[in-house]
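Open the structure in your viewer and keep the selection tool at hand. We will go from stop to stop, and each one tells you what to select next.

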Amino acid sequence: MLIAIAACAAIYAAVFVGLLVGQRRILFRCDAAEVDPATLGLEAETVRLKTEDGESLVAWSIPPAAGRPLILYFHGNAGGLDLRVERFRAMAKAGMGVLAIEYRGYASSTGSPSERGLKLDGEAAYAAAIESGVEPERIVSMGESLGSGVAVALAAHHLVGALVLDSPYSSIADVAAAAYWFVPVRALLRDPFRNDLLIAQVSAPTLMVHGTNDPVVPIRFGEKLFALANPPKAFWRVEGAGHLALGERLADVIDWIARTVG
């Protein structure tokens, strides 16, 4: 019995230490490769953005047609911009501009990811959009999964035309605590991404899209965030869909942006 208890304690300690030390490797999967958008048939320019703290980010830039919105796109924790090319192609076809960044530590962007770092990356994207001459009212802050934390923070601190979130969460702390219920995750977490504390500061029209069968960010966390958001707002449940359900409603989302931001 004592041996069994000791073994369980050792296993628990190993899990505890693993989560404490390796949590950023779990949260930020820096597996993106740098890809030339032209090889994917996308007419986008690869540019470099400088962050406030001196990092250099690779980004894809598609200018908007006259009077059309510019979408600042913040992807999830895995993969790179090439995995989102169909979304960018559809946005560009509608005349919308796209400025999509690779976070620090992803692809050839310098630095190492953290919550503070990714939010500085978002600030760099917003600054580049303003510098290019796009009015704040025509900027759409769009984030998928992990990137919803960047998109919400940006919309909370700056004027934007709309906020669009794909599979968002109330906080990474909530999601992690549900997944690792047997460990005091909230006390250990270095990057909690508290969207729930920021969303009330967003005054722009907000759209959230979430799959009912999302195994990564259960829909209840998206619903929790939506309840805290200011109107005008909309929550689209995609029945039977898993993670990143916006792809199944992409045409509708583009239409919503066109009607909302002009």
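Start in a loop. Select S145, which sits in the loop between strand 5 and helix 4 (147–157). Helices (H or I, at least four residues) and strands (E, at least two) are DSSP runs, numbered from the N terminus. S145 has a positive phi of about 50°, although it is not a glycine. Most residues other than glycine have a negative phi. Is S145 buried or exposed? At 8% relative accessibility, S145 counts as buried. Buried means under 20% relative accessible area, exposed over 50%, and partly exposed in between (1.4 Å probe, protein chains only).

A word on the model. It is predicted, so local features need pLDDT of at least 70 and side-chain atom pairs count only at pLDDT 80 or more, while totals for chains, interfaces and linings use all residues. Residues are numbered from 1 along each chain as its sequence is written, and side-chain values use heavy atoms, with hydrogens and water left out.

Next, select L244. It lies in the loop between strand 8 and helix 9. L244 also has a positive phi, about 60°, and is not a glycine. L244 is partly exposed, with a relative accessible area of 27%.

Eight of them form an open sheet in the order 1-2-4-3-5-6-7-8, with mixed pairing. Two strands pair if DSSP finds at least two bridges between them. Which strands are at the edges? They are strand 1 (45–50) and strand 8 (233–238), and each pairs on one side only. The twist averages 20° from one strand to the next.

Six bridges join strand 1 to strand 2 (residues 56–62), and the two run antiparallel. Select V47: its bridge partner in strand 2 is A59.

Move to strands 6 and 7. Strand 6 (residues 162–166) and strand 7 (residues 206–211) run parallel, joined by four bridges. L165 stands opposite M208 in strand 7. Axes are lines fitted to C-alpha atoms, for helices over the stretch in contact, and angles run from 0 to 180 degrees between N-to-C directions.

Stay in strand 7 and select T206. T206 is buried, with a relative accessible area of 2%. Its side chain reaches the backbone oxygen of A204 at 3.1 Å. Leaving aside neighbours within four places in sequence, T206 is in contact (heavy atoms within 4.5 Å) with L163, P232, K233, A234 and W256.

One of those contacts is P232. P232 is in the loop between helix 8 (219–228) and strand 8. A cis peptide bond joins P231 and P232, with omega about 0°. Most peptide bonds are trans.

K233 is another contact of T206. K233 lies over the face of F226, at 4.6 Å from the ring centre. Select R249 too: it lies over the face of W236, at 4.4 Å from the ring centre. A charge sits over a ring if NZ of Lys or CZ of Arg is within 6 Å of the ring centre and within 35 degrees of the ring normal.

Last stop: W60, Y73 and F88, which form one aromatic cluster.

Key
Phe/Tyr/Trp six-rings, centres within 6.5 Å; stacked < 30°, edge-to-face > 60°. Polar contact = N/O pair within 3.5 Å; in protein donor to acceptor, adjacent residues only side chain to side chain.
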